[in-house]
Amino acid sequence: MPRPRLYNLIEHITGTQNRYIFMDMLEGTVEARAFQPDSPEWFAWLAQLPSFHFKGPSGHFTARREHKRHKDYWYAYRKEHRQMYKRYLGATDKLTLVSLEQTARKLHEEVLRNLPENEVQTTLSQKVTSQGITLGELTFRWDDGVLVVKTPSGRYFLNKAQSADLLGYLYDQRGTFLKQDG
């Protein structure tokens, strides 16, 4: 028998900088909540939930409250490719939006590290725009002489020496690659 859908939800709104939607089914009907993350209302709301699904810009997981040693603690779970990943989140007062986002990113990175060889993405979609070049989840862009590399987990700014080293390395590898393909 299929498990019921988890209606308790914290989800990043795609296309926004840092906006989330909060929903729950505490009183029999699904209801959206309006409060600030990390506020007293946020923690009081979380304390009422037995579990919730979190979907951030860098990953997702299901959080479940477990009772151990006379206290309640939260754990994050994510199942991918028949493997369960688990992370300790802590007590309810530790469930800040930043900690949830970090856990989602760490679980996502762990899943990617453990992908079976036949599941690893071997081709990257390439898109060149005025915003730079996008290869898969990476975007490379020049901004006032600084190379900016955007990844799912953040932005990295390379100084001129680092940029020159990277471009030199890529150019050298390009030559090696063309000789092999040749």
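How many nonpolar, polar and charged residues are in the lining of the largest pocket? Let's start there and then tour the rest of the chain.

## The largest pocket

The lining has four nonpolar, 15 polar and seven charged residues. Here Ala, Val, Leu, Ile, Met, Phe, Trp, Tyr, Cys and Pro count as nonpolar, Asp, Glu, Lys and Arg as charged, and the others, Gly among them, as polar. This is a predicted model, where local features need pLDDT of at least 70 and side-chain atom pairs need 80 or more, while totals for chains, interfaces and linings use all residues. Residues are numbered from 1 along each chain as its sequence is written, and side-chain values use heavy atoms, with hydrogens and water left out.

The largest pocket has a volume of about 960 Å³, and of its 26 lining residues, P57, S58, K150, T151 and P152 are the closest to its centre. (On a 1 Å grid over the protein atoms alone, a pocket is an open set of points where a 1.4 Å probe fits, with protein on both sides within 12 Å along at least five of seven lines; lining residues have an atom within 4 Å of a point. The volume is the space filled by probe spheres set on the points, which are joined across faces, edges and corners.) Helix α2 (97-113) is one of the elements that supply at least two lining residues, and α2 gives the most, with four.

## The overall fold

The chain comes to three helices and twelve strands. These are DSSP runs numbered from the N terminus: helices are H or I with at least four residues, strands E with at least two.

Buried residues make up 29% of the 182 residues, where buried means under 20% relative accessible area with a 1.4 Å probe, protein chains only.

## Rings that meet

There are eleven aromatic pairs in the structure; rings of Phe, Tyr and Trp (its six-membered ring) pair if their centres lie within 6.5 Å, and planes over 60 degrees apart count as edge-to-face. F22 and W45 make an edge-to-face pair, 6.1 Å centre to centre with 70 degrees between the planes. This pair links distant parts of the chain: F22 is in strand β2 and W45 in helix α1, 23 residues apart. Both F22 and W45 are buried.

F35 and W42 are also edge-to-face, at 6.4 Å and 80 degrees, and both are buried. Together, F22, F35, W42 and W45 form one aromatic cluster.

Note on methods:
Phe/Tyr/Trp six-rings, centres within 6.5 Å; stacked < 30°, edge-to-face > 60°. Buried < 20%, exposed > 50% of the residue type's maximum accessible area, 1.4 Å probe, protein only.
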